Amino acid sequence: MNFTDTSHLTSLPEALRESVRMVERSREDRLARTLRGETFPALSISDRKAWLNDFHPDQREDGKRPLVVGPGKGSHVPCEMADLLESRPRVSLNNLLKDTSLSKKADIVTDVLIIGGGGAGTAAAIAAAEAGVKVFVATKLRHGDSNTIMAEGGMQVADQECDSPVQHYLDVLGGGHFTNNPELVQALVTDGADVLHWLEELGMLFDKYPTGRMKVRHGGGTSRKRLHAAGDVTGLEMMRVIRDRAEALENITVSAFTPAVELLTDDDGRAVGAVLEQLTGGEPLIVHAKSVIITTGGMGRLHLNKFPTSNHFGATADGLVMAYRAGVPLQDLHSCQYHPTGIAYPERKIGLLITEKFRGLGAPFLNRFGDEFVFGLEPRDVTTAAIIRECQMMNNGVRTPSGGVGVWLDIPLIDLIHGRGTIEKEFPGRFKEFLGKGIDLRQLPLLAYPTLHYQNGGMVIGSNGGTDMPGLFAAGEVTGGVHGHNRLMGNALLEILVFGLRAGKTAAQFAQTTTLSNSPGLSHLSAFLEELEQENCNKEIIGPQLLPKYFP
Ligand code: MEZ
């Protein structure tokens, strides 16, 4: 490299340039080590534990409080989540709460109601419709607007000769610190190859070699290369093909801009429909259904601990709020995933994702002196703790002009390891996006800091998506147990399809063996409101929130 030529640095503010020069000076040495097959040493088990304990945001006691009402009363959850779980219903429901005739008043009647139109909801709709029932999908924004389309790096499936579902199973359990529900992990890994096949048949364009063989990469905390990707837009490409399939099925109706805001239950305690709010105006809609599936995704837009997020604008925990009010147990809500690499600079992009696939292809983490400080493919929670430690305790982070901090991800090393053109080819989305902002990823490292990415906990489900409430099913990020206290990269895209398809099929079978209820209502909500009154809970907080607080 010509160290006197600084023309590529002109797009960066002065404050960052000297540090980038140090990264460039250490690059040649790091390249030589990488080409010799040497990696930065992994942490010892005791260091991992200590760093997680001291630096992972989940460990901050000041960010949590105990719930005072509902099935999880007494459990400590993030304050932002506790506030919403103990919130009051939306004003639009005031009239309905007084109305005792909800049984006669259906705007929509269906066999299976699916709440949420992202990846899990769409997969569930396909499976239910293919089983022969009538499906209604109520979605908050447009069909597909969800964390699924934000997913970049890939989907784990153990389909290679040197791999097996058993190996995948062990990685998932280890990554989750053995806090996962083993039955759910078994379902996840054993359905993997079928799901991959299904996506190929639907026309999903996976990365392949000219021979037609799938390209697979390493993800953090995995013992085998099993990450299947479509460039760095894997979720978007997945959504393309499953949405097309759903649109081709005549027994699926999708209703956009109509989020569910309350479940309907009946005198037998069964889930029998929902109330939908119309974001474009009009009275709430009442849906009567024989079974209901919740697939509303996560809660990143609650910005726990004031973290930025990689999540879609719709990620406001709506499904958890509705389920909790209806008495459905939730698990592990104290556990969230902070993805190690959210964008820390440029400032207007803060929190957006820089996929782990960059690390899978060899980009290391470097501090402000250009020194490596952690093996980049440690499990995610460990890597996140290591970055926070490096910035806060060691004071080795890079300061941004607006007072933020981050560490470098040395992306240009990828082209030096794998050959020119790799970055453009493997990361077409981020490459073009940054080039448009004057940052050429072939030449410049990116500044990263952890960003709130995923909700590890959620509704308690069985391996076919069933919950404790008859007629109620759930799939995807709204559920807990699959990943335990730490999800490994690429297992979310697999989870939404495995459990979406399973829940869709089982909810259809349930609908085929039952009739519509003749007592749908909101009595669970009245009981919950009484509890809120008794505990004197804040009357000002309204849920489900539907959109981030900073939306007008
Ligand atoms: O599973 C994920 O969260 C994922 C694939 C993220 C990424 O880094 O691309």
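This is a predicted model: local features need pLDDT of at least 70, side-chain atom pairs count only at pLDDT 80 or more; totals for chains, interfaces and linings use all residues.
Let me set out the architecture. The protein is divided into domain 1, made of 7-58 together with 337-451, and domain 2, made of 108-335 together with 456-526. Their C-alpha centres lie 31 Å apart, and the contact between them takes 30 residues from domain 1 and 27 residues from domain 2.

I return now to the largest cavity, whose volume is about 60 Å³. Its lining is formed by Pro 57, Asp 58, Arg 60, Gly 63, Lys 64, Pro 78, Leu 304, Asn 305, His 334 and Tyr 338. Because domain 1 and domain 2 both give residues to this lining, the largest cavity lies between them.

Asn 305 sits in the loop between strand 10 (285-294) and helix 10 (318-325), and it has a positive phi of about 50° although it is not a glycine. Lys 306 is placed in the loop between strand 10 and helix 10 as well, and Lys 306 too has a positive phi, of about 60°, without being a glycine.

How many cavities of 30 Å³ or more does the structure hold? There are 2, and the second largest cavity has about 40 Å³ of space. Leu 12, Tyr 345, Trp 408, Ile 439, Leu 444, Pro 445, Leu 446 and Leu 447 line the second largest cavity, and this lining divides into 8 nonpolar residues, with no polar and no charged ones. Tyr 345, one of the residues in that lining, is joined to Pro 346 by a cis peptide bond with omega of about 0°, and Pro 346 lies in the loop between strand 12 (336-343) and helix 11. A cis peptide bond also joins Gly 543 and Pro 544, here with omega of about -5°, and Pro 544 is found in the segment after helix 17 (523-534).

From the cavities I move to a pocket. The second largest pocket holds about 670 Å³ of space and is lined by 29 residues, of which Thr 34, Thr 39, Arg 359, Gly 362 and Leu 377 lie nearest its centre. Helix 1 (14-35), helix 11 (357-360) and helix 13 (413-418) are the elements that give two or more residues to this lining. By class, the lining of the second largest pocket divides into 10 nonpolar, 12 polar and 7 charged residues.

Finally, the packing. The largest nonpolar core has 142 residues, and those with the most contacts inside it are Met 155, Leu 199 and Met 459. Helix 16 (residues 491-512) gives the most to this core, with 10 residues, and the core draws at least three residues from each of domain 1 and domain 2. Apart from it lies another core, of 11 residues, among them Leu 264, Val 272, Val 275 and Leu 546.

Setting aside residues up to four places away in sequence, Met 155 touches a group of residues including Leu 199, Phe 206, Arg 226, Met 238 and Leu 493. Met 238 belongs to helix 9 (residues 234-248) and is buried, with a relative accessible area of 0%. Beyond its neighbours within four places in sequence, Met 238 is in contact with Met 155, Leu 199, Met 204, Leu 493, Ile 496 and Leu 497. Met 238 and Met 155 are 83 residues apart along the chain, and their C-alpha atoms are separated by 10.0 Å.

Note on methods. Residues are numbered from 1 along each chain as its sequence is written. Side-chain values use heavy atoms; hydrogens and water are left out. On a 1 Å grid over the protein atoms alone, a cavity is a set of points where a 1.4 Å probe fits but cannot get out, and a pocket is an open set with protein on both sides within 12 Å along at least five of seven lines; lining residues have an atom within 4 Å of a point. Grid points are joined across faces, edges and corners, and a volume is the space filled by probe spheres set on the points. Helices (H or I, at least four residues) and strands (E, at least two) are DSSP runs, numbered from the N terminus. Ala, Val, Leu, Ile, Met, Phe, Trp, Tyr, Cys and Pro count as nonpolar, Asp, Glu, Lys and Arg as charged, and the others, Gly among them, as polar. A nonpolar core is a set of buried Ala, Val, Leu, Ile, Met, Phe, Trp, Tyr and Cys residues joined through side-chain atoms within 4.5 Å. Buried means under 20% relative accessible area, exposed over 50%, partly exposed in between (1.4 Å probe, protein chains only). Domain bounds come from an automatic or database domain assignment. Contact means heavy atoms within 4.5 Å.
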